Amino acid sequence: MVLPAVTTIMRVLVTGATGFVGSRLVPALLDRGHEVVALVRDAESYRPPAGVHVVEGDLLEPETLPPAFRIDGSVVDAAYYLVHSIEGGPGYEERDRNCARNFATAASEAGVERVVYLGGLGEDREELSEHLRSRREVERLLGEGSYALTTLRAAIVIGEGSASFEVIRGLASRLPVMVTPKWVDTLCQPIAIDDVVAYLAGVLDVPETAGDTYEIGGPEVFTYAEILRRTRQQFGHGLRIVRVPVLSPGLSARWLRLVTDVDPYLARSLVEGLRNTVVVEDERIRDLVPVDETPFDLAVARAIDEANASGAGSGSNESSSGGGDGGNETDGEGVSADVAGDGGQTNETTASEGASAEGRSA
């Protein structure tokens, strides 16, 4: 990963600072010389890097937000919106809607010049999954502010702590055979968390990116079947995929919950997201913010190493779904347990700075 030199030191707000993406972005911004304020719901439990200003607030309580947009009395130059209810649940769309509106209003009233949002990759012309539609709505609501909005859209983010990748890793580490629906052949362009952070931090150095939407992805495009197979190879095993003609999203989600530790709402949203092709078609960002893209296999290896180091590794207990530990696919048509990829379940911030657990993905 290559981080370009900072040209302008800025005061920057990060929402979702305790989540998967936000917790990595904050130190990256500090390394570039920026002054950072983190908005968190529970300041007492947050352990920020040295030098970070911490403001306790809740995006569902708009009266708590104004202090987050100032550092020592001065308005922040830019703010990152890294909040999303990836695990869903009743009413999550309304929560996300209210959080986005409250943030946009507070940022506009404070006079913030730039906002950066990490959303979900996927073509608007397709029938988007429920979660990806919600991400698009949040993007639209943020765009109504008086600031210049930069949106980066990504597919699956590979890294320890990514909800989508945790599902992939859980399946790949446990199952030598998967009976899957046809979505296993849907194309996806995953991206390493280090590269996501590099793009997020990098756009602040390029004024031309203000007010525009960009797509970010890794150097390779795979089917979900290949993503699962290559991830399983990291555990020293092969994978056999048996496709079946019919396997409903509901059945797939229930099966996914049986073989992984996935929240039921998250399981359903991940399954539904598999029908959307999530591949970068607009590559302009590569010229504007040069990043030495991380190969998929290396990103997976790093994520597994981090998980093992933190004690969060899934292990490799294999509960077969019917067959030997082969390395080839069989046609019958179906997708692997349904993994990952709601286009945007990448910057996974669970909930919002004010809805439920903060930060499975911020």
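A residue is called buried when its relative accessible area is under 20%, exposed when it is over 50%, and partly exposed in between, using a 1.4 Å probe and protein chains only. The model is predicted, so local features need pLDDT of at least 70 and side-chain atom pairs count only at pLDDT 80 or more, while totals for chains, interfaces and linings use all residues. Residues are numbered from 1 along each chain as its sequence is written, and side-chain values use heavy atoms, with hydrogens and water left out.

The description begins with the strands. Helices (H or I, at least four residues) and strands (E, at least two) are DSSP runs numbered from the N terminus. Strand 1 (residues 11–15) and strand 2 run parallel and are joined by five bridges; two strands pair if DSSP finds at least two bridges between them. Within this pairing, Val-12 stands opposite Val-36 of strand 2. Strand 2 also runs parallel to strand 3 (residues 53–56), with four bridges joining the two, and Leu-39 has Val-55 in strand 3 as its bridge partner. Strand 2 (residues 35–40) is mostly covered, five of its six residues being buried.

The connection between the first two strands has a defined hand. Strand 1, helix 1 (residues 22–31) and strand 2 form a right-handed β-α-β unit.

Two loop residues may be considered next. Arg-47 lies in the loop between strand 2 and strand 3 and counts as exposed because its relative accessibility is 65%. The C-alpha atoms of Arg-47 and Thr-18 are 8.9 Å apart in space, although 29 residues separate the two in sequence. Asp-72 is located in the loop between strand 4 (70–71) and strand 5 (74–75). Asp-72 also counts as exposed, because its relative accessibility is 68%. Most residues other than glycine have a negative phi. Asp-72, although not a glycine, has a positive phi of about 50°.

Among the helices, helix 5 (residues 193–202) is mostly covered, with nine of its 10 residues buried; Ile-193, Asp-195 and Tyr-199 are among them. Helix 6 (residues 224–233) is likewise mostly covered, with seven of its 10 residues buried, including Tyr-224, Ile-227, Leu-228 and Arg-232.

Helix 6 also packs against helix 4. Two packed helices are described by the angle between their axes and the distance between the axes. The axes of helix 4 (residues 163–174) and helix 6 come within 8 Å and cross at roughly 65°. Axes are lines fitted to C-alpha atoms, for helices over the stretch in contact, and angles run from 0 to 180 degrees between N-to-C directions.

Val-280 occupies the loop between helix 8 (264–273) and helix 9 (284–288). Val-280 counts as buried because its relative accessible area is 10%. Leaving aside neighbours within four places in sequence, Val-280 is in contact with Leu-121, Gln-189, Glu-215, Ile-216 and Gly-217. The C-alpha atoms of Val-280 and Gly-122 are separated by 8.5 Å, with the two residues 158 apart along the chain.

Notes
Contact = heavy atoms within 4.5 Å. Right-handed = clockwise from strand over helix to strand, strands pointing away.
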